[in-house]
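Here is a short briefing for a reader new to this structure. Please look over the sequence and the model first.

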Amino acid sequence: MSGSFKTDIEIAQETPMLPITEVAKAAGIGDEYLEQYGRYKAKVDCAILKDMKKKDGKLILVTAINPTPAGEGKTTTTVGLADGMQRLGKKVIVALREPSLGPVFGIKGGAAGGGYAQVVPMEDINLHFTGDFHAIGAANNLLAAMIDNHIYQGNELNIDPRKITWRRCVDMNDRQLRNVIDGLGGRICGVPREDGYDITVASEIMAVLCLASDITDLKARLARIVIGYTYGKPSEQKPVTAGDLHAEGAMAALLKDALKPNLVQTLEHTPAFVHGGPFANIAHGCNSVTATRAALKLADYTVTEAGFGADLGAEKFLDIKCRMAGLKPDCVVLVATARALKYNGGVPKNETGEENLEALERGLPNLLKHVSNITQVFRLPCVVAINRFPQDTDAELELIRSKCASLGVHVALSEVWAKGGEGGIELAEEVIRLAEEPNEFAYAYELDQPIKDKIRDIVTKIYGGSGVSYTAEAEKQISQLTALGFDKMPVCMAKTQYSLTDDPAKLGAPRDFTVTVRNVKVSAGAGFLVALTGDIMTMPGLPKRPAAERIDVDADGKISGLF
């Protein structure tokens, strides 16, 4: 396998990059819109969205089966597909999320693609990049400081400290901060209360930034953020917003540059917007609307991805982002590997490289359920991209092809990790063909349905479950949110990424299961409700052997161990 002896960071460091001005020129971005951050990255002024009169290009969504330890390679496939389309003479732009520092130093290392299908500069993208996440964290924590200061200064808004829903954040996996007590040290140090931290990518401000269309919309969304509730009986409690605290202007000032998309390039110099990074099992898991819209105006094809499996990222991309931004996808790519499907069929990770047609057949229902969701629920054209490994046998690949063919879906092999764009030609040709087909894009539910009906539709249609159960706390929250008029929003399901159910141990495509919703909260600024299931945490922890232990930098500033 070409290049298999090199790490991703070594490949990235050895591949020459073009100056970002040349990448911008190839993308059709004039100098007047370009704000350079060094030689190889830049921000693009959002004014380009108003000035560009070109008709939008085609929108291609890349998603995947439920992630497994065997790996799928969704970002790698996204990048390689775009490079393959560019090799076919198409004008294409990649639109990806920014990696969070927490996972980079935690369990998975870098997150900019892999092998010869990467976005670069890989080290910058995975570390501080252009400072967007720092700005989001600062805006989040400014609001937290203003809440506690308001209470300290007399609490004119009558905020109940026990009903504050806004938490502080930090862009690092730190379980110690999940629940804290602050304001200790006497009256001069504030009002003691229970508090906690989320990881920055779980902050509502991240979701707000990624869904805002411009600075005016950003300020309006920030003002709508609900930070807590007033004193009183449940029927008397009123939501308190960031606008009530007059915080939205200062928060927007911190975020004005972060709102602008970041321009970088792939190893083959395909232009790439890498912007925003909300978690897919907590928030909507998609890159920013501004980046996607800019790419659509500039290119004939925009290739974007949504986080985790299609049950999380793709569902939210289609039901939340597309609905809010008025987007209509032209084709969906569903990434899978034979190894991951065998893992779904019960094979241990260390044995997934061996041929096992029986296990593959047991694991295939996971892929087929996702395919059915895309083609039958959302009514979109779909191609399955098999991220090929050297150990995959012809018999295994033929089995996958035949099962997908039964649903009328083609399978294309992807070898972009080893071959870059050349390894994505077959997939690119099928995507170009499918994108020309008309489709009848539909949502999984309608906004005017009651909250429980929307959750039921997601569980039964997308996950394949039989129903939903609610804790007493969730029932109470749904009643309150409905009474407050928040019931017409889309629902963002916070669920494990490892299973179609809310139990990460249930692989494949289980049936007749019930999903338990334990908490429902409103993200009024983002414009959706969040339904929490299972053991989903808004602050991850570090594994026993975090990736940070393997990362180093030498005397010349060269980073190693990032991936």
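Eight elements each supply at least two residues of the lining of the second largest pocket: strand 7 (159-164), strand 9 (180-182), strand 10 (193-195), helix 8 (204-211), strand 12 (226-230), helix 19 (472-483), strand 22 (514-523) and strand 23 (528-533). Helices (H or I, at least four residues) and strands (E, at least two) are DSSP runs, numbered from the N terminus. This is a predicted model, in which local features need pLDDT of at least 70, side-chain atom pairs count only at pLDDT 80 or more, and totals for chains, interfaces and linings use all residues. Residues are numbered from 1 along each chain as its sequence is written, and side-chain values use heavy atoms, with hydrogens and water left out.

**The second largest pocket**

- A pocket is an open set of points on a 1 Å grid over the protein atoms alone, with protein on both sides within 12 Å along at least five of seven lines; a cavity is a set where a 1.4 Å probe fits but cannot get out.
- Lining residues have an atom within 4 Å of a point.
- The second largest pocket has a volume of about 1600 Å³, counted as the space filled by probe spheres set on the points, which are joined across faces, edges and corners.
- Its lining has 49 residues, and Ile164, Thr165, Gln477, Asn519 and Lys521 lie nearest its centre.
- Helix 19 gives the most to this lining, with 7 residues.
- The lining has 22 nonpolar, 13 polar and 14 charged residues.
- Ala, Val, Leu, Ile, Met, Phe, Trp, Tyr, Cys and Pro count as nonpolar, Asp, Glu, Lys and Arg as charged, and the others, Gly among them, as polar.

**The cavity**

- The structure holds 1 cavity of 30 Å³ or more.
- About 80 Å³ of space lies in the largest cavity.
- Its lining includes Glu98, Pro99, His128, Phe129 and Asp171.
- Helix 7 (residues 132-152) provides the largest share of that lining, 3 residues.
- By class, the lining of the largest cavity divides into 6 nonpolar, 3 polar and 3 charged residues.

- 4 strands form an open sheet in the order 20-22-23-21, with mixed pairing.
- Strand 20 (467-470) and strand 21 (491-494) stand at the edges, each with a single partner strand, so one side of each has no neighbour in the sheet.
- The twist averages 40° from one strand to the next, with axes as lines fitted to C-alpha atoms and angles from 0 to 180 degrees between N-to-C directions.
- Strand 20 and strand 22 pair in the parallel sense over 4 bridges; two strands pair if DSSP finds at least two bridges between them.
- Tyrosine 470 stands opposite valine 517 in strand 22.
- Alanine 526 sits in the loop between strand 22 and strand 23.
- Alanine 526 is buried, with a relative accessible area of 0%; buried means under 20%, exposed over 50%, and partly exposed in between (1.4 Å probe, protein chains only).

- Helix 4 (residues 74-87) has 14 residues and reaches 20 Å from its first C-alpha to its last, close to the 20 Å expected; the expected span is 1.5 Å times one less than the number of residues.
- 12 of the 14 residues of helix 4 are buried, so this helix is largely enclosed by the rest of the structure.
- Helix 18 (residues 451-463) has 13 residues and reaches 17 Å, close to the 18 Å expected.
- Buried residues in helix 18 include Ile451, Asp457 and Tyr463.
- Glycine 464 follows helix 18 and has a positive phi, near 85°.
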